[in-house]
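Hi,

Here is the model I promised to pass on.

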Amino acid sequence: MQTAYMEKPQRLQCTREFQLVQAMLFTIEEINNSSDLLPGISLGYNIYDTCGSIARSVKVSLALVNGNENVSAISGVCIRPAQVQAIMGEASSSPSMAIATIIGPFNVPLISQFATCACLSDKSKYPSFLRTIPSDYYQSRALVQLVKHFGWTWVGAVRTNDDYGNNGMATFTETAEQLGICLEYSLTFFRTDPQDKIQKIIEIIKSSTTKVIVAFISQADMDVLLHELSNHNLTGYQWVGSEAWIFDFQSALRDNNHILDGAIGLSIPKAHVTGLKEFILNVKPLYLTNNDLFIEFWEALFNCKVKQSNIDEIKRLCTGHENLTGVENSFTDMSLMPMFNNMYKGVYAVAHALHKILGCNKTCNNKVPLDPFMILQHIKGIYFKTKEGDEVYFNQNGDPAAKYEIINWQPKENGPVDFVTVGFYDASLPADRQMNVQQKSVIWAQNSVQVPVSVCSEKCPPGTHKVLEKGKPVCCYVCIRCAEGEISNSTDSVTCIRCPSEFWPNLRRDACIKKEAEFLSHQEIMGALLTAGSLVGTCMTVVVALIFVRYKKTPLVRANNSELSFLLLFSLTLCFLCSLTFIGEPSEWSCMLRHTSFGITFVLCISCVLGKTIVVLLAFNATRPGRNAMKWFGTAQQRLGVLGFTLIQVVICIIWLTNSPPFPSKNFKEFKDKIILECSLGSAVGFWVVLGYIGFLATLCFICAFLARKLPDNFNEAKFITFSMLIFCAVWLTFIPAYVSSPGKFSVAVEIFAILASTFGILVCIFIPKCYVMLMKPEKNTKKNIMGKVVSK
């Protein structure tokens, strides 16, 4: 009969280790009783107690692979000795590393059910190591994802000072830095540390600002640390635990001060192996074996002595009839069933590999020579399902699929806590689906339903950005408001972005939104009023023109140079209408038209007024003896004068439009939240030359009219021209500072107002008095009255 030897090198000093041994024995017995797996072949075993010593673990491992089994062991019944084909263990990472290093050259498979250190996945160092529990490579990253999920960026960390804790926390710290999570402190701890070191750890925790503590600690170390925490009553901290202690019933029993209430962490998924619980609890037949190992367990379980070795012993003698039925203690607790299931899978993996090597069908070829290296290779490529439906396989690193339950410690009335599953983590899924947490089901520290807040600095709101504090971690920062015209693109932004010129920062919506375009529109009140003023002025001019046409043969119209009067009325109509080009959204054509039409029509208007003024002066001087000035300024000369003055402005406008014409532009400077659509002058020189030429003609006209102001009232219109030019010059002199200082569309409104005001001034001052006479005082519209021959009463 072929026999395979397996070892569990773990000190059997408490019930959990004994339960684990029972799980292995149950599995071996189930396989030996199976007719489908290894028919005719029985698996044997040796169980070694390493007493928690790495040195002893190495010693018994060497004894096994060398066939020198002269150390204390418990052996299963075998027909003949056989070479050890696999070793089951260790449960801790550090002893597993030592054993794997020693037996690696012998290629003997070492299968652990609880050693999770990621370092053991290095096949160059540990070629024969496999495990049925996921590597801490995944657990550490899953813990970081869990911390990140709840928004904790400022945490403390405590780890066991061994390979398990140091390697696990190193991976956790590296991943946490990548995700923006900072550690306020990272403390190492071992259960044999002196009291002053443990006290220092307590003081650091008490003085820290974080309320979230990540504990990458073994169960034995957690028990010691929990005792110290209870002595100082350090409640109110949110603990995040690794699988080594988060699902440990014994730790929960010892937590009388509720230090760990609300703890959350990762655990090996719950499992069930049919018949295993009953097998573990049925230990009475073992009592009859009189084996020291089981006697020690029995005495510890029932607090009695099998043999009275000292007369001073006060413990009672064991009767052998003690019963586990109905007893609730650490041995009857099956919370470590996931670990038992891992042992179950490991033993079955060896059995399936042997089954394949021996070519078993109904029988096995027990003459096939067995080689540990061959068994190792077959175990690495094994795939099977247990009777409960669990898949068993190993990846290239000898690790199983990484799956965890998220466990929450929830206080209950009739006991310590309930281990409630509040989520799952599956590393085989896509990154965005790996973690699934039912946050509403979680009970936090101090029985709170609100997620604890653990940050070094509060989030920076929109409109601000983070600036790191010198000498502190990246999670500690101050919020600085963004500069003018900038916005932070998200909460807790590290930089501010400048909004494009056509956009402006909206702090409430935390975005750059398009600015509202603004221009002088017909729809708004100011634009509508100016449009109405332009149309009213145009209508008034047309009415005056119709009156002049109606009375064109009367002395009053004929005496005031009817041809220049009609031309002046035409130019005034154009002046009123040109103001409409300033209203509405600027375009390329409207920008060129508004300034040139304004310049040319106003020059035409002033030229006509100037012509009328010169005619009055020359006509007065012609009545003096020896003067014949009118022959030099007849009708033809008047026409040429108006045409010449206007052509000069036309030439100026053509030069302006040719070299640097006005164009539509967007003004971003006047208002932060608006874009002013306006017409850029192109060449400012061109604009001011056009305006200056108008001012020159207006000044010349004013001087001429001023010189003619004392002529008889009933003969000429010099006083009215003088007054109109006075209004004209006053309007445009005040226009310049108002235009320069007015923002946005108001500068356009000022220009339109200046155009309308000066045009109304000329229309009212020159033509309304004549219309009044023609309509209301027709008796004065006679030649005698015009010549001043009527005697005034």
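Let me start with the inside. The largest nonpolar core has 82 residues, a core being a set of buried Ala, Val, Leu, Ile, Met, Phe, Trp, Tyr and Cys residues joined through side-chain atoms within 4.5 Å. Buried here is under 20% relative accessible area, exposed is over 50%, and partly exposed is in between (1.4 Å probe, protein chains only). Leu38, Phe172, Ile264, Phe340 and Ile379 have the most contacts inside that core. Its largest share, 13 residues, comes from helix 12 (residues 337-357). Apart from it lies another core, of 62 residues, with Leu568, Ile606, Cys608 and Tyr739 among them.

Before you go further, some housekeeping: this is a predicted model, where local features need pLDDT of at least 70 and side-chain atom pairs count only at pLDDT 80 or more, while totals for chains, interfaces and linings use all residues. Residues are numbered from 1 along each chain as its sequence is written, and side-chain values use heavy atoms, with hydrogens and water left out.

Now the overall numbers. The protein chain has 22 helices and 24 strands; these are DSSP runs numbered from the N terminus (helices H or I, at least four residues; strands E, at least two). Of its 793 residues, 51% count as buried. The accessible surface of the protein chain comes to about 37200 Å², and 58% of that belongs to carbon and sulfur atoms (Shrake-Rupley method, 1.4 Å probe; for residues, only the protein chains shown count as cover). Taking contacts with a separation of 6 or more, 68% are between residues 24 or more positions apart, where contact means heavy atoms within 4.5 Å.

On to the charged pairs. The count comes to eight salt bridges, each needing a side-chain nitrogen of Lys or Arg within 4 Å of a carboxyl oxygen of Asp or Glu. One of them joins Glu30 and Lys387, at 2.4 Å from N to O. Glu30 sits in helix 1 (residues 15-32) and Lys387 in the loop between strand 11 (383-385) and strand 12 (391-393), so this pair ties together parts 357 residues apart in sequence. Glu30 counts as buried at 18% relative accessibility, whereas Lys387 is partly exposed at 44%.

Glu405 and Lys270 form another, with the closest N and O atoms 3.0 Å apart. Here strand 13 (residues 403-412) supplies Glu405, and Lys270 comes from the loop between strand 10 (264-267) and helix 9 (276-281), so parts 135 residues apart in sequence are tied together. Glu405 is buried at 8% relative accessibility, and Lys270 is partly exposed at 44%. Lys197 also pairs with Asp193, with 3.7 Å between the closest N and O atoms; Lys197 is partly exposed at 32% and Asp193 buried at 16%.

How do helix 2 and helix 3 pack? Helix 2 (residues 54-66) and helix 3 (residues 93-103) pack at about 35°, with their axes 9 Å apart. The axes are lines fitted to C-alpha atoms over the stretch in contact, and angles run from 0 to 180 degrees between N-to-C directions. Residues making the contact include Ile54, Val58, Leu62 and Val65 of helix 2 and Ala98, Ile99, Ile102 and Ile103 of helix 3.

Cheers
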